[in-house]
Every structure is written in structure tokens, then in C-alpha cells.
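Student: I would like to go through one part of this model. Please take it step by step.

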Amino acid sequence: MHAEPPSSSIRVTWWGHATVLVDDRARILTDPLLTGALMHLHRRAGLVPHPPPRLDAVAISHLHMDHLHLPSLAQLDPGTPVLIPKGAAGLLAKLPVEPVEVSAGDVVPIGDATVHVVHAVHDATRWPWGGPRGEAVGYVVQGAGTTYFAGDTSVFDGMGELYPGKLDLALLPVWGWGPNLRGEHMDPAQAAGCLPMIDAEVAIPIHYGTFWPRGMGWARKRVFHEPGREFAEHARTTAPSVDVRVLEVGTSTEVRVSPRGA
């Protein structure tokens with residue numbers, strides 16, 4: 001009688017907006033936003049997070065200020081590698097971190113994991129009127145399991161072909177940054193609609209319910225509180241086999257995975 005092979009796990013902590021700590025043979029922090037305010041926005045959910053210790057890398061999906069936030073990156077340990085879209089490393093010139101420019105198709109070893117840089121569809125500029133450019137990307141972290149961090153993206157052809165193997169976990173944006181959804185984002189129904197394409201075992205909605213314009217707590221409260229639950233409701237129809245986990249800001253979950261080839 002053969003013993004069952006040991007299982008491993010991916011541990012993730014959602015710190016709000018698009019900031020997630022992925023711990024799977026490497027500790028990788030996505031799009032860190034580690035402050036209580038951002039321009040006219042303020043944090044309305046969860047505590048202001050401290051920079052996680054012992055990071056192996058940071059993964060930046062695109063250049064918008066709520067994803068590439070320089071004051072948050074300035075809090076990280078000197079020398080921390082920061083994966084950033086190609087052409088934008090100069091934005092980090094005054095920080096003690098180590099920029100690593102990447103494009104879709106790149107594969108980067110981080111700790112005992114491998115990070116695959118994948119395509120995304122989102123505005124490439126730093127500011128609404130222009131400025132530095134860097135094509136938006138997503139990331140697949142391959143450790144014991146595989147975690148897809150979509151960053152900001154709209155649904156696109158080929159989304160199901162981002163990664164050649166099985167995805168254990170998908171971190172999907174289900175809203176934008178405020179009361180209105182502008183530009184190339186996914187709403188809860190669109191995010192749930194992409195689940196059959198990406199074929200992940202577990203999905204976690206992110207990019208909602210954290211920051212809100214000052215003085216507008218009364219405005220469209222549903223789109224602050226509800227996108228995660230709405231995503232889960234749509235997913236029950238579009239992808240009933242997917243385990244959807246709606247996290248509170250500042251909480252963690254563990255996704256059990258079987259060793260590859262088991």
C-alpha cells in the first residue's frame with residue numbers, strides 16, 4: 001500500500017485593493033499600497049498594513065498610482081527586487097529597492113519559486129494625460145502550486161492560455177478604485193465570466209472595498225461593500241466547481257495543493 005504524497009499549500013493575505021502577500025516557496029507582495037490615504041482617497045476597511053518582513057520580491061502590474069505607489073515602496077527593505085513593466089524602472093530611481101523590468105512572456109526565478117509574466121489589457125501610462133509608459137502585465141507565481149495575480153485587466157481573447165498548466169488560485173479584480181468603473185476593468189459579472197477560461201481551483205476577489213473618495217461615504221455604498229459577494233454569486237452560475245473565497249481586508253487563507261505529478 002502506497003502512502004499518499006504530502007500536500008503543500010499556498011498562503012495568501014489580502015491587505016486591501018490589489019495588495020496581496022503570496023507565500024508559496026517565495027514571499028511575493030503584489031501592488032503594495034501600505035498607507036491610509038492616496039490623494040483624495042482614504043482607507044475605509046482594515047488596518048493600515050505594515051510592510052511584510054522577509055519579502056523575496058514585489059510584483060507591480062502597471063503604473064497607475066494605486067498600483068505603483070512610491071511611498072509604499074519606500075517602506076520596503078533596501079535591495080528588495082521589484083518587478084515592474086519594461087520602460088518604467090526610472091520611476092524607482094530615488095528608492096532603495098532593486099527594479100527588475102519585465103514584459104509578458106518573461107520568466108523570473110524568485111526564491112524557490114518561478115514567476116511567469118503574463119499579458120493584461122489595461123492603460124499603459126502613469127497619468128491620465130500621459131507620462132512614463134509600461135505595458136500592463138499579470139503574474140503567475142509557480143511554487144508548490146500556481147497563483148494567478150491579474151493586476152488590473154479587462155477580459156481578453158487568450159485569457160485561458162496565459163499559463164500552460166493548471167491554476168490553483170486566481171486573484172481577480174472585481175471593481176475599480178471608486179464609485180464608478182472606468183477604463184479597462186472587470187465588474188463582478190465579467191470577472192466571474194472569465195473563470196471557465198482560466199480554470200482555477202480557487203478564486204479570490206480583490207480590488208474593491210478598501211479606498212473611497214473623501215467625503216463620499218454616502219455615494220453608491222453597494223459598489224464599496226458588495227462586489228466580492230456579487231462575484232461569488234455570479235460564479236455559482238458561471239463556474240460552480242470553483243471554490244470562491246471572499247476575504248475581509250487583512251485576513252488570510254490557505255489553498256491546499258497536491259505536488260505536481262502526484
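Student: Are the residues Thr146, Tyr148, Thr147 and Phe149 of β14 buried or exposed?

Tutor: This is a predicted model. Thr146 and Tyr148 lie on one side of β14, and Thr147 and Phe149 lie on the other. Both faces of the strand are covered. Buried means under 20% relative accessible area, and these four residues are all buried.

Student: Where does β14 sit in the order of its sheet?

Tutor: The sheet is open, has 7 strands and is mixed in its pairing. In the strand order, β14 stands between β13 and β15.

Student: Which residue of β14 is the bridge partner of Tyr139?

Tutor: Strand β13 covers residues 137-142 and β14 covers residues 146-149. The two run antiparallel and are joined by 4 bridges, and a hairpin of 3 residues connects them. Val141 stands opposite Thr147. For Tyr139, the partner in β14 is Phe149.

Student: Which residue of β15 is the bridge partner of Thr147?

Tutor: Strand β15 covers residues 167-173 and runs parallel to β14, with 3 bridges between the two. On the β15 side, the partner of Thr147 is Leu169.

Definitions and conventions
Residues are numbered from 1 along each chain as its sequence is written. This is a predicted model: local features need pLDDT of at least 70, side-chain atom pairs count only at pLDDT 80 or more; totals for chains, interfaces and linings use all residues. Side-chain values use heavy atoms; hydrogens and water are left out. Two strands pair if DSSP finds at least two bridges between them. Buried means under 20% relative accessible area, exposed over 50%, partly exposed in between (1.4 Å probe, protein chains only).
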